[in-house]
Amino acid sequence: MTTMQAQEIVTAASALLAKSSVQELRALRVDEDSNELRLRGKVRSFYHKQLAQEAVLPVAGSLQVVNHVDVHN
């Protein structure tokens, strides 16, 4: 995968989260490193953490989604 393709995936994943009806998901960061699509940030529930992961899966392509989102109650 080229750097350009990886950046397009990051952009698409970020856009999906930015459009989320869940406000917390809009603040999450997405980046790519070593063929991984990494999610970072904070949410209030494990449900929202899972929602973020599921939201980006359709655009992840060959990148493995790694969910580093922290849950804070």
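R40 and D31 form a salt bridge, with 3.7 Å between the closest N and O atoms. A salt bridge here is a side-chain nitrogen of Lys or Arg within 4 Å of a carboxyl oxygen of Asp or Glu. The structure holds four salt bridges.

This is a predicted model, in which local features need pLDDT of at least 70, side-chain atom pairs count only at pLDDT 80 or more, and totals for chains, interfaces and linings use all residues. Residues are numbered from 1 along each chain as its sequence is written, and side-chain values use heavy atoms, leaving out hydrogens and water.

**The R40 and D31 pair**
- R40 is partly exposed, at 25% relative accessible area. Partly exposed lies between buried (under 20% relative accessible area) and exposed (over 50%), using a 1.4 Å probe and protein chains only.
- D31 is also partly exposed. Its relative accessible area is 26%.

**Salt bridges of R38**
- R38 forms a salt bridge with D33. Their closest N and O atoms are 3.5 Å apart.
- E36 forms a salt bridge with R38 as well. Here the closest N and O atoms are 2.9 Å apart.
- D33, E36 and R38 make up one network, joined by salt bridges that share partners.

- R38 counts as buried, with 17% relative accessibility.
- D33 is partly exposed, with a relative accessible area of 37%.
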